[in-house]
2 protein chains.
Amino acid sequence: MTLNNTAYADLMAFQRETEALAQVAGRLGWDQETQMPRGAAEQRSEEMSALEGVLHARRTDPRIADWLEAADATDEVASANLRHIRRSFDRQAKVPATLAQDLARVTSRAQGIWAEARAQDDVQAFLPMLTEVIRLRREEAACLAQGGDLYDALIDDYEPGATVAGLAAMFDAMRPRLVALRSAVLGASHQPPKLTGHFGQDAQLRMARDLATAFGYDWSRGRLDLAVHPFSSGSGDDARITTRVVESDPFNCFYSTIHEVGHACYELGIDPDYRLTPLGQGVSMGVHESQSRIYENQLGRSRAFTGWMLGQMQDRFDAFGITDADAFYGAVNRVQPGFIRTEADEVQYNLHVMLRFDLERALIRGDLLPADLEAAWNDRFKADFGVAVDRPSHGMLQDVHWSCGLFGYFPTYTLGNVYAGCLNLAMRAAVPDLDDHLARGDATPATDWLRENLQRHGGLYEPREVVARACGFEPDEGPLLDYLEAKFAEIYRL
Amino acid sequence: MTLNNTAYADLMAFQRETEALAQVAGRLGWDQETQMPRGAAEQRSEEMSALEGVLHARRTDPRIADWLEAADATDEVASANLRHIRRSFDRQAKVPATLAQDLARVTSRAQGIWAEARAQDDVQAFLPMLTEVIRLRREEAACLAQGGDLYDALIDDYEPGATVAGLAAMFDAMRPRLVALRSAVLGASHQPPKLTGHFGQDAQLRMARDLATAFGYDWSRGRLDLAVHPFSSGSGDDARITTRVVESDPFNCFYSTIHEVGHACYELGIDPDYRLTPLGQGVSMGVHESQSRIYENQLGRSRAFTGWMLGQMQDRFDAFGITDADAFYGAVNRVQPGFIRTEADEVQYNLHVMLRFDLERALIRGDLLPADLEAAWNDRFKADFGVAVDRPSHGMLQDVHWSCGLFGYFPTYTLGNVYAGCLNLAMRAAVPDLDDHLARGDATPATDWLRENLQRHGGLYEPREVVARACGFEPDEGPLLDYLEAKFAEIYRL
C-alpha cells in the first residue's frame, strides 16, 4: 500500500465514524417527532446541540485537510468519496462551531414551538423563534456565500450545483403551462367526484402498511409511525417512514405514506458497499424528491394502481360514494382549490412551491421581515390561488421546514417533480408492462428499475448526472409538463 | 471570579455536553430494544461504537486532569461534582479507547443475538458472543483492577464503595434466614390461591399505565413501551419505562411496570438543578434498585395497595378465580418454585441473585469457562431450588445482563432490596397514614417522601450515605429480613 492509499484509508475510517454519528443525529430527530415525551424538549435541544458540536468538530477536523491533500483517488468510488468530503469540509470550515451549535439547539426547540403554534393557529407564538432561526441561517449563509448571494449559498446545502438563476428559469418555464392547465381543468364541464365517508385510523394505517409493501418497502430495515408532518429518516439499514391520518380523507395518509416510501426505498436501495460512507445516502434533495414524487404520483396516482387501490378500499372501508374505477381515478387526481401544499394535486403543487421559493428568498436576502411574512404569504396566496387564507395553519404555519431552518429546500420539491417526469418517461419505455403489475397492486418492478438505474448509485454521481444517466437524456421540465397535460386532459375530458 | 472558579466552570461546561451525549447513547439503547427494525442491528452496533468512542475520548480528555487540578470546590455540590468527575476520569483513563469501543460494539450486537438465542432456547447460538463479551470485560477489569480482584473492579462501576467481601458477608447473613423462611412457607398447610384466566394485552397495558400514574409517574417526561426484558432508560426530563405482557399472568406486566416506575421516578425526582451534571442521575445501581424494589414490593405488593388493585382488576378483566382481598393479597405474594428471577417472590428473589453472583464471579475470575456455564447454572439451580432447569430460557439465557456485559450488576439487586427494607421502615414511621392512601390507589405520598428524603439528592452523597441520611440509621439486612418474616408469617399463617 502506498502512503497515499494510507491517507485515503485513514480518512475513510474517520469518515465512517462521522457518518455513523450523523445517523445517530437522524435517529434523535426521528425520536423527537414520533416518540419523545413533550416535557423532554428543552433537554433534547441540549442533546442535539452537543451532538451537533461533535459532528461539526469532526467535519472540520484539520486532519481532513491533510488527508485530502495526501489521498489519491484510485477509482471512481474513491474519487466520488473525496469529492463529497472535500465539499463538506470546505463548507463546514466556513461556519464557526458556535453558530452550528446555536442552529442545532434553536431549530430543535423551534420545531416543538412551531407544532404548538400551528395547533393553536398562533403566528405570534412562533414569530420570535422564526426570527431567530432566520437570523442564524442568514448569518450562516453570509459565512458560506463570502460576498455571493445568501440564498444561493443555502440552496447548495440541498442541491449541489443548483442556483437561484437556474431554478428561477425552470419555474418561469413551468408557470404559464401550469396556470393554463389549472384554468382549463377548473373550468371543465366534467368534474370528478369527491370521496365521502369516514375512514378509521386503524384501518388507514393497516392499508398504509400494505401500500408500503406494494412498493417493496423492506420492513426488516424500516418502520412506520405517526408524525405531525410526515417525513422519512435514516440511511443504510435503518430508513424509517412516518405518516399522518385524517379520518375524513384517507388519501392524505395513503399518499403521504407512498411519498415517504419513495424516499426510504431510495436509501434502502443504495449499494450496501456504500453504507456509512459519503456515497451511502441520496445524492441531493432534488433527486430524493424525484423518488418520493414518482412513487406518489406517476406510480401511486396512475390509472392502473388506483384501480387496484379501489378494490382494496372497498374491502376495508364502508361505502364511500365511489364504486367505479374511472371515477375513483378522477377522485384521486381531483384538482381543487386548497391551502395545503402536501395535499395539493399534481397540477397546483408546483405553484405552492413557487410561492415559498419567492418568499423565503426574500426572507433570507433581508427584503422581507419575519413580522411581515404572514401578510406577504396571504397576499401572494390570494394572487396565485384566488382564495383568501382563512387561518395561519392553512398559511405560513403549515410546513415544518422553516422551523427546522430548511431555507432553500422548497425548490428541490419542484426539481424532484421535474426529474420524476423524466424518469417516468424512461422507465415506462424500459418496463412496458409496468401497468399490468400496478393494476395487481405490485409496484416492485418500478422499484427494481429505479434501484438498478438510479437508487443504487447513492452519491456516486452528481445529482443531474445520475438522473441523466438513468433517463438517457438531459433532464428538463418538458416531460413533466407533457405528462401533466396529457393526464389531466384525459381525466377532465378537455 | 477567581482563576480556580473559571476552571470549575469550564470543566462543568465540558461535562454538561458529555452528559448530554451520554443521554443520547441511552436513547439509542432504548430505541434498539423497543423500536429498531431487526435488520438495522449491524449498523446500529457501528453507531453505538462511534458514539462510545466520542464519549470515551471526552471522559479521558487530558484537559479534565488540568481542570481537576485547578478547580476549587466552593460548596457541597461542587465538591460532589468534582468527586464524580475525578472517579470517572481515573477509571476511564485506565481503559484503552479501542477496548471501550470494542465493548460498545460487541455488547450492542450481543443483545440481539441473545434475544434470538433466548427465543430459540439455543445456548450454542449465544455462546460465541458471550465468550467474547466476557473476554473483553475481563480485559477491561484487568486494566481497572491493576493487580486487584477482577470482579471487585467491575462492581465498582455499579456500586461505588461496595466490595466482593462486603457483599458476600451480606449474602451469608441473609441466606440462612431466607432458606428457613422459604422452607416454612412451602411447608405451610395454608397456601394462597393462584390467579387463573386470560388477561388481554391491551387491557394489561391500560392497567399498567394506570399503575404508573398511581405512583405519580410524570407522563409528560416519560413513556411506556413493550420490550423483551423490561428496563428504564434516561435521566432528567426523559425517563422512559418498558414492560412485557404474558396474557396468562398479569402480575408479570404489572409488577415489572411498577418496578421500572420506581427507577424512573428516582431519575425524575432528582433536583432539576442537577440536570446534565454528574449529580443528575441515580447515584448507584443499588440505590436505584432500592427505589424500584420498594415501589414494587413494600408498596406495590402491600396488603393496602393490592386491595385497590383487586377492584381495578375486577372492573377490567373477566373473572379470575379470586374475589376476596385477603386471597388476592396472598396470590400476589405467592411463594412457589420458579425459574425466572424477575418473576420470583420476595422470599426467593435474593437466592436467585446469589446464584448469579457466584457464577459471574467465577466467570470473571476465570474459574468457570463460558462453555461450562450452562451445566454450572443447572447444577447450582437444582441445589438451591430443588428443581431441574427445563430449558435455557429458564436458565442461563433468561437475563439480558450478561449480553450487555453487565457483570457485577446482579448483587446490586439484593443491595437494593436491603436498602428498600431500611427505607420502608423509616418511611412507614414518617408517613403513618400511608396505607390509607395506598388502599385508595394513591402511592404518591410514598413517592413524595422518597423524593424529598432520597431521590432529589441524585449523586450528591455516596450510595450508603444517602440511604443512611434518609433512614436516620446505618443500613443493613436486618429490616428487610424482619419485614419478610413478618409479612410471610401472616400470609402463610405460620
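Is His84(A) buried, exposed or partly exposed? His84(A) is partly exposed, because 18 other C-beta atoms lie within 10 Å. The cut-offs are these: buried means 20 or more other C-beta atoms within 10 Å of a residue's own, exposed means 12 or fewer, and partly exposed is in between, with C-beta atoms placed from the backbone. This is a predicted model, in which local features need pLDDT of at least 70, side-chain atom pairs count only at pLDDT 80 or more, and totals for chains, interfaces and linings use all residues. Residues are numbered from 1 along each chain as its sequence is written, while chains are lettered from A and ligands numbered from 1 in the order in which they are written.

**View 1. His84(A) and its contacts.** His84(A) sits in helix H4 (residues 76-93) of chain A. Helices (H or I, at least four residues) and strands (E, at least two) are DSSP runs, numbered from the N terminus. Beyond its neighbours within four places in sequence, His84(A) contacts Pro278(A) and Gly459(A). Contact means that the C-beta atoms of two residues, placed from the backbone, lie within 7 Å. Pro250(A) is 166 residues from His84(A) along the chain, and their C-alpha atoms are 40 Å apart.

**View 2. Domain 1 of chain A against domain 2 of chain A.** Domain 1 covers 3-148 and domain 2 covers 164-491 of chain A. These bounds come from an automatic or database domain assignment. Taken over C-alpha atoms, the two domain centres are 26 Å apart. Domain 1 of chain A places 37 residues in contact with 34 residues of domain 2 of chain A. On the domain 1 side, H1, H4, helix H5 (97-120) and helix H6 (123-145) of chain A each give at least two residues. H1(A) supplies the largest share, 12 residues. By class, this side has 18 nonpolar, 10 polar and nine charged residues. Here Ala, Val, Leu, Ile, Met, Phe, Trp, Tyr, Cys and Pro count as nonpolar, Asp, Glu, Lys and Arg as charged, and the others, Gly among them, as polar.

**View 3. Helix H16 (residues 411-430) of chain A on helix H20 (residues 478-491) of chain A.** The helices pack at about 75°, with axes 7 Å apart. H16(A) is therefore roughly perpendicular to H20(A). Axes are lines fitted to C-alpha atoms, for helices over the stretch in contact, and angles run from 0 to 180 degrees between N-to-C directions. Angles under 35 degrees count as roughly parallel, over 145 as roughly antiparallel, 65 to 115 as roughly perpendicular and the rest as oblique. Pro479(A), Leu480(A) and Tyr483(A) of H20(A) meet residues of H16(A), including Asn417(A), Val418(A) and Leu425(A). The contact has seven nonpolar, three polar and no charged residues.

**View 4. Strand S3 (residues 240-243) of chain A and its partners.** Arg240(A) and Thr242(A) on one face of S3(A), and Ile241(A) and Thr243(A) on the other, are all buried. Strand S1 (residues 224-226) of chain A runs parallel to S3(A), joined by three bridges. Strands pair if DSSP finds at least two bridges between them. Leu224(A) stands opposite Ile241(A). Strand S2 (residues 232-233) of chain A joins S3(A) by two bridges, antiparallel. Ser233(A) has Arg240(A) as its bridge partner. Six residues lie between the strands of the S2(A) and S3(A) hairpin, where Gly234(A) takes a positive phi near 100°.
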